[in-house]
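I am opening a notebook on a structure that is new to me. The entries below follow the order in which I looked things up.

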Amino acid sequence: MRTATVKRKTKETDIAVTVDLDGEGTAKIATGIGFFDHMLEQVARHSLIDIAVAAKGDLHIDQHHTVEDVGLALGAALKQALGDLKGVTRYADVHLPMDEALTRAAIDISGRPYLVWKVTFTRNKIGEFDSELFREFFQAFAQNAGVTLHIENLAGKNNHHIAETCFKALARVLRAAVA
């Protein structure tokens, strides 16, 4: 079974993440940040990885610690669930369209963590979510999963669509690379 649970407790956050790489795409997400929950649900659904996230953070200050620490824990859970990496496809890439938005993602499950992030938002917030936190999430995820991850937005005007294509593209490359 390629499953893992990672718990992370700091002064700012208390997080538990469980993944099942051979799941059906079910999501049980509760971070206290609605838009972020929606994005993580998309990762589960489109990767076919079952993901459970229970996060409590210092949201009375801001969303930064919660978002970053969920990325850390999710990445660590993925790495743990993959084990020795024997038999995984390893490489994957995708172009993910959503209406006017198009994002390209590529991954190498290599043990060499690196993020290339070429995504620009025209608004500081999407709803109540700080746009700068998207990169923080993906950086924390890549570092702790031990993956090289490239995400580049190629087209788009609607910031919600741009963000959603980034998360769905991550899901689709994960789906292919962990197979």
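Predicted model: local features only at pLDDT ≥ 70, side-chain atom pairs only at ≥ 80, totals over all residues.

Is Arg 2 buried, partly exposed or exposed? I found Arg 2 partly exposed, with a relative accessible area of 22%.

Residues are numbered from 1 along each chain as its sequence is written, and side-chain values use heavy atoms, with hydrogens and water left out.

**Entry: salt bridges**

I looked up the salt bridges and found eight in the structure. The term stands for a side-chain nitrogen of Lys or Arg within 4 Å of a carboxyl oxygen of Asp or Glu.

Arg 2 has a salt bridge with Asp 22, at 2.8 Å from N to O. This pair links distant parts of the chain, 20 residues apart: Arg 2 is in the segment before strand E1 (3-9), and Asp 22 is in the loop between strand E2 (13-20) and strand E3 (27-30). Strands (E, at least two residues) and helices (H or I, at least four) are DSSP runs, numbered from the N terminus.

Next I took Lys 9 and Asp 14, whose side chains meet in a salt bridge of 3.9 Å, N to O. Lys 9 is exposed at 67% relative accessible area, whereas Asp 14 is partly exposed at 36%.

Then I turned to Arg 90 and Asp 108, whose closest N and O atoms are 2.6 Å apart in a salt bridge. Arg 90 sits in the loop between helix H2 (64-82) and strand E5 (91-98) and Asp 108 in strand E6 (residues 101-108), so the pair ties together parts that are 18 residues apart in sequence. Salt bridges that share partners join Arg 90, Asp 108 and Arg 112 into one network. On accessibility, I have Arg 90 as partly exposed at 27% and Asp 108 as buried at 10%.

**Entry: aromatic pairs**

How many aromatic pairs does the structure hold? I have twelve. Rings of Phe, Tyr and Trp (its six-membered ring) pair if their centres lie within 6.5 Å; planes under 30 degrees apart count as stacked, over 60 as edge-to-face and the rest as tilted.

One of the pairs is Phe 36 with Phe 137, edge-to-face, with 5.5 Å centre to centre and 75° between the planes. Phe 36 belongs to helix H1 (residues 34-47) and Phe 137 to helix H3 (residues 133-145), so the pair ties together parts that are 101 residues apart in sequence. Phe 137 also forms an edge-to-face pair with Phe 138, at 5.2 Å centre to centre and 85° between the planes.

I checked burial too. Phe 36 is buried at 1% relative accessibility, and Phe 137 is buried at 0%. Phe 138 is buried as well. Ring pairs link Phe 35, Phe 36, Trp 117, Phe 121, Phe 129, Phe 134, Phe 137, Phe 138, Phe 141 and Phe 167 into a cluster.

**Entry: H3 against H4**

Two packed helices are described by the angle between their axes and the distance between the axes. For H3 and helix H4 (residues 159-177) I have an angle of about 15° and axes 11 Å apart. Axes are lines fitted to C-alpha atoms, for helices over the stretch in contact, and angles run from 0 to 180 degrees between N-to-C directions. H3 and H4 are therefore roughly parallel to each other; angles under 35 degrees count as such, over 145 as roughly antiparallel, 65 to 115 as roughly perpendicular and the rest as oblique.

**Entry: H2 and what follows**

At 1.5 Å a residue, the 19 residues of H2 should span 27 Å, and its end C-alpha atoms are 27 Å apart, which agrees. The expected span is 1.5 Å times one less than the number of residues.

Just after H2, Gly 83 takes a positive phi of about 60°. Leu 85, in the loop between H2 and E5, has a phi near 70°, a positive value in a residue other than glycine. Leu 85 is partly exposed at 30%.

Technical notes:
Buried < 20%, exposed > 50% of the residue type's maximum accessible area, 1.4 Å probe, protein only.
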